[in-house]
Amino acid sequence: MNIDKTKEPLLHVEGLKQHFRTSSRYVTKAVDGISFDIWAGETYGLVGESGSGKSTTGRAIIRLYDPTAGKIIFDGHDISGKMAKEDEKYLRTNMQMIFQDPMACLNPRKKVKEIIAQGLEIHRLYTDQADLDQKVNAIIEKVGLSPEHATRYPHQFSGGQRQRIGIARALVMNPRLVIADEAISALDVSIQAQVVNLMKDLQDELGTTYLFIAHDLSMVKYISDRIGVMHLGHIVETGTTDEIFENPVHPYTRSLLSAIPRPNPRVEKKRIALEYNKEKEGVDYTQGHLHQLTDTHAVLATDGEFKVWSKEHSY
Amino acid sequence: MSANRSLDDRVLSIRDLNISFDTASGTVHAIRGVRMDLFRGETIAVVGESGSGKSVTVKTIMGILANNGHIDSGSINYTFINEKGEKETVDMTKLSQKEIRYRFCGKHIAMVFQDPMTSLDPTMTVGKQIMEGMILHLNLSRSEAKKRAIDLLARVGIENPEKRFNEYPHQLSGGMRQRVVIAIALACEPDILICDEPTTALDVTIQAKILELIKEIQAESHFAVIYITHDLGVVAKVADYVDVMYAGRIIEKGDIDEIFYDPRHPYTWGLLASMPDTDTDSTRLFAIPGTPPNLLEKITGDAFAPRNPFAMKIDYMAEPPMFDVGGKHRVASWLCDPRAPKVEMPDQLKDRMEKMRKEGILE
Ligand SMILES: Nc1ncnc2c1ncn2[C@@H]1O[C@H](COP(=O)(O)OP(=O)(O)OP(=O)(O)O)[C@@H](O)[C@H]1O
Ligand SMILES: Nc1ncnc2c1ncn2[C@@H]1O[C@H](COP(=O)(O)OP(=O)(O)OP(=O)(O)O)[C@@H](O)[C@H]1O
Ligand SMILES: [Mg+2]
Ligand SMILES: [Mg+2]
């Protein structure tokens with residue numbers, strides 16, 4: 001895939017904050033000032049521990065929330081704050097999200113083919129009934145479900161089949177940007193491979209862009225061009241896939257990489273992962289700023305931390 | 001894990017289980033003759049293709065079957081110590097769902113479901129949900145139960161457990177919800193813990209922590225664990241035995257080393273080969289070609305035959321029996337018949353096995 005970085009990015013996120021008030025005294029800063037760009041035709045992987053703010057980032061970008069602060073520009077349309085009608089329409093038809101919890105977002109009273117067709121119907125993205133049926137059937141097959149599944153209800157499926165309904169529903173819209181939140185984590189490896197290959201094919205054919213949220217680093221490595229590592233609402237390191245895997249600088253990134261399970265029982269039963277504790281190491285994310293290591297590789301650190309962390313590296 | 005399982009320690013024994021579902025397009029034969037044994041203190045992993053029947057099998061143990069489903073034949077014998085302190089065996093397929101819920105769920109057998117939101121009550125704080133079972137089954141007072149609930153939240157890696165105790169499920173991230181469900185399951189010290197994709201939404205660090213926690217508690221109270229997972233890294237970490245399912249049947253089973261270092265069924269080969277490997281750099285993942293069989297139709301012969309590059313004539317005619325290939329290793333494939341030509345696993349996989357074996361010995 002050719003990615004033209006001289007053009008404007010397809011998605012520009014700047015200083016995005018999403019806070020939740022959970023009680024009169026307490027505010028959860030789920031996302032606390034993150035910035036990144038994604039260019040058309042690229043796959044940006046967002047990784048990080050549970051609760052680090054990955055899903056919230058995705059949900060804020062697709063505007064399921066009203067972000068607390070920050071700017072989101074999608075293909076030239078400003079979709080932060082109150083949106084103009086036409087910007088909102090552009091967002092709803094060109095950006096889709098595959099949700100982490102498939103059951104929570106599939107209407108239990110609708111048949112699968114109705115669920116998949118819904119987006120096309122609302123936005124009238126088909127010529128006639130035959131065209132609609134053809135589009136729905138084609139995507140059902142592409143995600144590895146069979147035609148007889150079309151008339152079943154969501155609860156009549158296995159977990160992995162259900163996740164594929166969510167994938168089909170998003171991809172049938174031919175969106176420019178897909179936010180895939182743990183989209184393949186409930187699938188067995190062979191189906192994962194099938195879906196990942198499908199996503200790559202769409203990217204080659206149509207230039208589809210992905211924000212790929214996942215905790216499975218080996219899969220992220222496969223699919224992503226660049227990766228952002230999130231921790232406690234901040235992007236602590238970002239770089240090309242090679243830079244992150246070959247030359248991780250932030251101690252959090254390094255602990256994350258050390259924990260990748262290996263499908264080898266004799267190794268796995270003995271392995272202990274590197275620990276990272278922000279308090280123990282005395283790291284305060286709000287004190288740091290982004291240090292560029294290369295054009296593409298940057299790490300969030302104070303000057304002092306940066307000196308120590310980058311010493312062990314070969315740049 | 002002891003090498004020989006004593007029948008005295010058997011907690012669960014499933015025989016010839018057949019389950020089907022009625023749908024608009026016909027009857028789906030989802031489970032076709034499953035046989036499975038589980039012994040005290042051990043951990044088995046059930047792996048296999050999406051839709052192969054893993055969840056339906058274990059849900060049936062818990063007495064959960066969708067309204068359109070029915071058990072056509074078979075038994076699920078569960079052995080436990082009853083209220084009088086005597087050993088008792090019941091066939092779960094003969095009990096009503098209500099009876100299973102009332103007598104066994106939570107207390108004797110606990111389950112962590114694949115989709116955490118389906119097992120959490122959105123209108124109740126997570127703390128209340130963890131305490132509920134302890135108050136009911138372990139007769140703890142509210143304050144004792146609260147103390148243990150907070151302790152459990154901390155042990156599953158949730159920071160600020162006192163604060164989270166009072167939050168509702170929608171205020172938690174996907175992975176936190178999953179951990180709450182695990183805390184609920186562990187709260188009542190069950191005999192059997194069933195985990196259906198327990199760590200899919202968890203990052204690797206928390207995943208490792210949870211798996212270690214379950215192991216730790218298992219070592220204290222010797223319950224048996226069934227893991228359903230597609231993550232072979234998880235299997236490698238926790239399992240003593242592995243059952244591989246395909247199209248409603250167990251097609252290969254054995255101890256962990258037998259399955260990981262000496263797999264025999266071509267489906268298992270495909271499964272192991274499609275694992276992404278962080279050490280290699282190919283840009284396309286291997287996917288087993290073809291699609292799983294249509295369970296609406298009657299399957300003749302080996303269900304995997306159409307996708308099996310080594311399929312023989314007999315594969316399309318008769319269903320293979322479970323061949324004993326030594327040790328605890330059993331394989332349902334005609335390739336294991338002594339008369340079959342000898343076929344080798346794909347080279348790519350062979351190389352990987354070789355590398356794994358070396359790594360395992362060197363470390
Ligand atoms: N209520 C139902 N009605 C009809 N078919 C069903 C029903 N529940 C499950 N099935 C079918 O039974 C088969 C087995 O489903 P099961 O949920 O056990 O799969 P699984 O092995 O757990 O897969 P996954 O890894 O995707 O969760 C699937 O083909 C599924 O579509
Ligand atoms: N609607 C909400 N109200 C209050 N707090 C919330 C809400 N949604 C998320 N949070 C909090 O924001 C933080 C980030 O949650 P988020 O779901 O983005 O995490 P995540 O990185 O997707 O984690 P996971 O990998 O577990 O899915 C968590 O502490 C969570 O409890
Ligand atoms: Mg999430
Ligand atoms: Mg399942």
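Predicted model: local features only at pLDDT ≥ 70, side-chain atom pairs only at ≥ 80, totals over all residues.
**Helices α6 and α7 of chain A**

- Helix α6 (residues 159–171) of chain A packs against helix α7 (residues 189–206) of chain A at about 5 degrees, with the axes 12 Å apart.
- Axes are lines fitted to C-alpha atoms, for helices over the stretch in contact, and angles run from 0 to 180 degrees between N-to-C directions.
- Helices here are DSSP runs (H or I, at least four residues), numbered from the N terminus.
- Arg164(A), Ile167(A) and Leu171(A) of α6(A) meet Ile191(A), Val195(A), Leu198(A) and Leu202(A) of α7(A), where contact means heavy atoms within 4.5 Å.
- By class, this contact of α6(A) with α7(A) has 6 nonpolar, no polar and 1 charged residues; Ala, Val, Leu, Ile, Met, Phe, Trp, Tyr, Cys and Pro count as nonpolar, Asp, Glu, Lys and Arg as charged, and the others, Gly among them, as polar.

**Helix α4 of chain B**

- The axes of helix α4 (residues 126–137) of chain B and helix α5 (residues 142–155) of chain B come within 9 Å and cross at roughly 130 degrees, which makes α4(B) oblique to α5(B).
- The contact of α4(B) with α5(B) has 8 nonpolar, no polar and 3 charged residues.
- With helix α7 (residues 174–187) of chain B, α4(B) packs at about 15 degrees, the axes being 8 Å apart; α4(B) is therefore roughly parallel to α7(B).
- Val126(B), Gln129(B), Ile130(B) and Met134(B) of α4(B) meet Val180(B), Ala183(B), Ile184(B) and Ala187(B) of α7(B).
- The residues of that contact divide into 7 nonpolar, 1 polar and no charged.

**Domains of chain B**

- Chain B is assigned domain 1 (9–239) and domain 2 (252–362), with bounds from an automatic or database domain assignment.
- The C-alpha centres of domain 1 and domain 2 of chain B lie 29 Å apart, and the contact takes 18 residues from domain 1 and 14 residues from domain 2.
- About 1200 Å² is buried between domain 1 and domain 2 of chain B, 61% of it from carbon and sulfur atoms; buried area is the accessible area (1.4 Å probe) that two parts lose on being put together, summed over both.

How values were computed. Residues numbered from 1 in each chain as written. Chains lettered and ligands numbered in written order. Heavy atoms only, no water. Helix = DSSP H or I, 4+ residues; strand = E, 2+ residues; numbered from the N terminus. Parallel < 35°, antiparallel > 145°, perpendicular 65-115°, else oblique.
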